[in-house]
Structures are given as C-alpha cells and as structure tokens.
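Hi,

Here is the structure I promised to pass on. Have a look at it first, and then read on for what turned up.

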Amino acid sequence: MAEVRVKKRFVAGAKCPKCKAVDSIVLFKEQGVETVECVECDYREQQTDEKVAKKASGDIIGVFKP
C-alpha cells in the first residue's frame with residue numbers, strides 16, 4: 001500500500017497554547033479532519049469541517065482558538 005503524504009502548512013505568527021513557541025504551529029487535513037499541531041511539543045487539536053464552517057465567515061478558511 002502506498003504511503004499518503006500529508007501537506008502541512010505553517011501558520012505564520014501563531015503561538016502554541018501549550019509551550020508558547022511562536023511559528024511552531026502547522027495546519028493540515030488528516031482523513032478529512034482539519035488538524036493543528038505544534039512541532040515543538042505534543043500539542044494537537046482537531047476540528048471537523050462542520051465545526052470549521054460554523055465558525056468561519058467571509059474570507060476565513062478555518063478558525064482555531066489556540
């Protein structure tokens with residue numbers, strides 16, 4: 001079975017709510033679920049598309065409250 005590569009994008013200026021490191025948060029989709037995680041510590045948060053759509057308005061793609 002082929003390995004699926006997940007495209008991860010850094011969120012500029014984002015601060016990890018756990019370790020407080022700046023520019024350490026990456027955003028990606030994992031099995032259809034929007035996920036953010038810190039590359040410095042083990043912080044990880046997930047939101048389904050329904051939750052993202054409910055919070056999003058205008059030109060905002062997704063809303064996370066770290």
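A term to start with: a salt bridge here is a side-chain nitrogen of Lys or Arg within 4 Å of a carboxyl oxygen of Asp or Glu. Before the findings, a word on the source: this is a predicted model, in which local features need pLDDT of at least 70, side-chain atom pairs count only at pLDDT 80 or more, and totals for chains, interfaces and linings use all residues. Residues are numbered from 1 along each chain as its sequence is written, and side-chain values use heavy atoms, with hydrogens and water left out.

Now the sheet. Helices (H or I, at least four residues) and strands (E, at least two) are DSSP runs, numbered from the N terminus, and two strands pair if DSSP finds at least two bridges between them. What you have is an open sheet of four strands in the order β1-β2-β3-β4, paired antiparallel. At its edges are β1 (9–10) and β4 (44–47), each of which pairs on one side only. Two bridges hold the antiparallel pairing of β1 with β2 (residues 25–30), and in it R9 stands opposite L27 of β2.

Next, the salt bridges: there are four of them in the structure. One joins E37 to K8, with the closest N and O atoms 3.1 Å apart. E37 belongs to strand β3 (residues 33–38) and K8 to the segment before β1, so this pair ties together parts that are 29 residues apart in sequence. For exposure, buried means under 20% relative accessible area, exposed over 50%, and partly exposed in between (1.4 Å probe, protein chains only). E37 is buried, with a relative accessible area of 17%, while K8 is partly exposed at 44%.

Another salt bridge brings together the side chains of D42 and K18, at 2.3 Å from N to O. D42 sits in the loop between β3 and β4 and K18 in the loop between β1 and β2, so parts that are 24 residues apart in sequence are tied together. Both D42 and K18 are exposed.

R44 and E30 make a salt bridge as well, their closest N and O atoms being 2.3 Å apart. This pair links distant parts of the chain, with R44 in strand β4 and E30 in strand β2, 14 residues apart. R44 is partly exposed at 38% relative accessible area, and E30 is partly exposed at 30%. Through shared partners, salt bridges join K8, E30, E37 and R44 into one network.

So which residues make up the largest nonpolar core? There are six: A14, C16, I25, V36, C38 and Y43. A nonpolar core is a set of buried Ala, Val, Leu, Ile, Met, Phe, Trp, Tyr and Cys residues joined through side-chain atoms within 4.5 Å. In soluble globular proteins, nonpolar side chains tend to be buried together. Not counting residues up to four places away in sequence, I25 has contacts (heavy atoms within 4.5 Å) that include A14, C16, V36, C38 and Y43.

Last, look at A21, in the loop between β1 and β2. Its C-alpha atom is 8.9 Å from that of C41, 20 residues apart along the chain. Leaving aside neighbours within four places in sequence, A21 is in contact with A14, K15, C16 and E40.

Cheers
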